[in-house]
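Subject: Structure handover

Hello,

Here is the structure I said I would pass on. My notes on what was found in it follow below.

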Amino acid sequence: MSSPESGPPKSESEADTTGPVDALPVVAPQLRALRRRASLTLEAAARSAGLSPAHLSRLETGQRQPSLPMLLALARIYGTTVSELLGETVADRDAVVRSADMEPTAAGGWTYWQAGASGRGMQALRVRVPYGSQGDIVRVHPGEEWLYVLEGRLRLRLGDTTHRLAPGDSAHFDSLTPHRIAAQDPGGVELLFVHTLLQSPTATLCLGPTPGEMP
């Protein structure tokens with residue numbers, strides 16, 4: 001399949017993923033293989049993910065790092081999980097995930113650990129969100145999300161309302177509500193993150209930065 005060298009101007013959400021090409025060495029071949037398994041052209045997959053074909057091509061060749069929201073979008077489009085995109089191997093249908101198997105993975109400035117087994121109808125992650133990372137990215141997608149703050153303070157924007165969550169606070173919401181996640185303090189925030197997986201090639205995660213910072 002072709003890898004276009006040109007496309008629409010990069011959006012701010014595309015531009016924020018520049019980084020060392022060897023940070024996620026397994027992602028590039030997995031992205032290409034899973035797209036082909038889903039019988040999607042580069043152009044069709046990029047359009048569904050809200051990316052330019054050129055940007056998706058750079059992700060597939062390891063020239064760009066995908067952010068975690070981009071991985072979530074592509075996982076839904078390809079009918080798979082973020083774990084499979086990253087090449088993680090946890091026994092299918094295993095009810096228990098041991099801490100020794102929860103190796104950290106970096107994606108777009110976030111660090112996350114798989115906290116649930118693969119092959120399920122929802123995905124559970126433990127996520128570390130640094131201060132100032134991806135706070136301008138708006139997420140809108142079918143399904144539900146549940147967040148629980150472990151450490152630090154979280155700034156969660158749901159629609160037009162901003163919520164500040166402290167350790168022990170949680171949020172459970174319809175993820176068709178536009179939402180943004182950011183660390184409130186310079187020390188960052190760590191949280192548990194559970195979201196439903198929609199195993200459909202038409203289920204997409206729409207991403208886009210908004211002007212200015214989250215209030």
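In this predicted model, the axes of helix α2 (residues 27-37) and helix α5 (residues 68-78) come within 10 Å and cross at roughly 30 degrees. Angles under 35 degrees count as roughly parallel, and α2 and α5 are therefore roughly parallel to each other. Their crossing is left-handed. On the α2 side, the contact is made by Val-27, Leu-31, Leu-34 and Arg-35; on the α5 side, by Leu-71, Leu-74 and Tyr-78. Sorted by class, the contact of α2 with α5 has 6 nonpolar residues, no polar ones and 1 charged one.

Some of these residues come up again around Glu-60, which is placed in helix α4 (residues 53-60). Is Glu-60 buried or exposed? Buried means under 20% relative accessible area, and Glu-60 has 4% relative accessibility, so it counts as buried. Leaving aside residues up to four places away in sequence, Glu-60 touches Ala-28, Pro-29, Leu-31, Arg-32, Arg-35, Leu-42 and Tyr-78.

The loop between α2 and α3 (42-49) holds Ser-39. Most residues other than glycine have a negative phi. Ser-39 is not a glycine, yet has a positive phi of about 60 degrees. With a relative accessible area of 64%, Ser-39 is exposed.

Now to the strands. Strand β6 (residues 154-158) has 5 of its 5 residues buried, so it is largely enclosed by the rest of the structure. Leu-154, Leu-156 and Leu-158 point one way from β6, while Arg-155 and Arg-157 point the other way. Both the leucines and the arginines named here are buried.

Which strands does β6 pair with? One is strand β7 (residues 161-165), which runs antiparallel to β6 and is joined to it by 5 bridges. Within that pairing, Leu-156 has His-163 of β7 as its bridge partner. The hairpin of β6 and β7 has 2 residues between the strands, and in this hairpin Gly-159 takes a positive phi near 60 degrees. Strand β9 (residues 179-183) also pairs with β6, in the antiparallel sense and over 5 bridges. In β9, Ile-181 stands opposite Leu-156.

Regards

Key:
Residues numbered from 1 in each chain as written. Predicted model: local features only at pLDDT ≥ 70, side-chain atom pairs only at ≥ 80, totals over all residues. Heavy atoms only, no water. Buried < 20%, exposed > 50% of the residue type's maximum accessible area, 1.4 Å probe, protein only. Helix = DSSP H or I, 4+ residues; strand = E, 2+ residues; numbered from the N terminus. Pairing = 2+ DSSP bridges. Axes fitted to C-alpha atoms, helices over the stretch in contact; angles between N-to-C directions. Parallel < 35°, antiparallel > 145°, perpendicular 65-115°, else oblique. Left-handed = near helix turned anticlockwise from the far one by under 90°. Contact = heavy atoms within 4.5 Å. Nonpolar A, V, L, I, M, F, W, Y, C, P; charged D, E, K, R; others polar.
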